[in-house]
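Subject: Structure handover

Hello,

Here is the structure we spoke about. Please look through it first; notes on what was found follow below.

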Amino acid sequence: MMDNTFEFSDLLEEYSVPFVAYEKRDGDWADNGDWVPTGKLVPIHLKGAIFPLTKDDLQYAENGTYSVKDRKIYTTHVLEVGQRLQYKNITYTIQGMEDYSDYMDINVYYARWAGDESSSG
């Protein structure tokens with residue numbers, strides 16, 4: 001059987017930037033030897049392409065209204081709805097995903113800006 005998915009991960013590498021996602025973990029030992037209790041958020045350093053939403057994204061969003069501060073993330077990593085991430089010292093929350101798994105080897109997510117308006121400035 002022939003696999004029809006296009007390997008976008010090679011193209012993605014060219015536009016990737018580092019970001020940090022926060023995952024809840026089962027109890028485990030951290031790299032520095034400290035015990036991390038179950039449920040504690042642990043920063044995970046990932047890479048992906050992060051872009052502003054297009055006019056079409058803003059107009060046709062299924063998960064509610066998005067703003068120009070929100071982002072679209074392309075990554076090979078699996079993220080969860082509700083998961084927090086940080087990019088350029090700005091916090092975002094994953095709101096949804098577009099499933100293109102039949103066509104390509106990357107995941108596409110919508111991330112809502114979770115910053116504080118009063119602190120900008």
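Strands are DSSP runs of E with at least two residues, numbered from the N terminus, and two of them pair if DSSP finds at least two bridges between them. This is a predicted model, in which local features need pLDDT of at least 70 and side-chain atom pairs count only at pLDDT 80 or more, while totals for chains, interfaces and linings use all residues. Residues are numbered from 1 along each chain as its sequence is written, and side-chain values use heavy atoms, with hydrogens and water left out.

Strand pairing

Strand β1 (residues 17–24) runs antiparallel to β4, and eight bridges join the two. Tyr22 has Pro43 as its bridge partner in β4. β1 also pairs with β6, again in the antiparallel sense, over two bridges. There, Ala21 stands opposite Leu85 of β6.

Gln86

Gln86 belongs to strand β6 (residues 84–87). Its relative accessibility is 27%, so Gln86 counts as partly exposed (buried is under 20% relative accessible area, exposed over 50%, partly exposed in between, with a 1.4 Å probe and protein chains only). Gln86 and Ala21 are 65 residues apart along the chain, yet their C-alpha atoms are separated by 6.4 Å. Leaving aside neighbours within four places in sequence, Gln86 is in contact (heavy atoms within 4.5 Å) with Phe19, Val20, Tyr22 and Thr91. With Tyr22 there is a side-chain to side-chain polar contact at 3.4 Å. A polar contact is a pair of N or O atoms within 3.5 Å; within protein, one must be able to donate a hydrogen and the other to accept it, and residues adjacent in sequence count only if both atoms are side-chain atoms.

Asn107

Asn107 lies in strand β8 (residues 107–113). Asn107 counts as buried because its relative accessibility is 14%. A polar atom of the Asn107 side chain lies 2.9 Å from the backbone oxygen of His77. Not counting residues up to four places away in sequence, Asn107 touches Ile73, Tyr74, Thr75, Thr76, His77, Val78 and Met97.

Largest pocket

A pocket is an open set of points on a 1 Å grid over the protein atoms alone, where a 1.4 Å probe fits, with protein on both sides within 12 Å along at least five of seven lines; lining residues have an atom within 4 Å of a point. The largest pocket is lined by 13 residues, and Trp29, Ala30, Asp31, Val36 and Val42 lie nearest its centre. β4 supplies the largest share of that lining, three residues.

Regards

How values were computed
Helix = DSSP H or I, 4+ residues; strand = E, 2+ residues; numbered from the N terminus.
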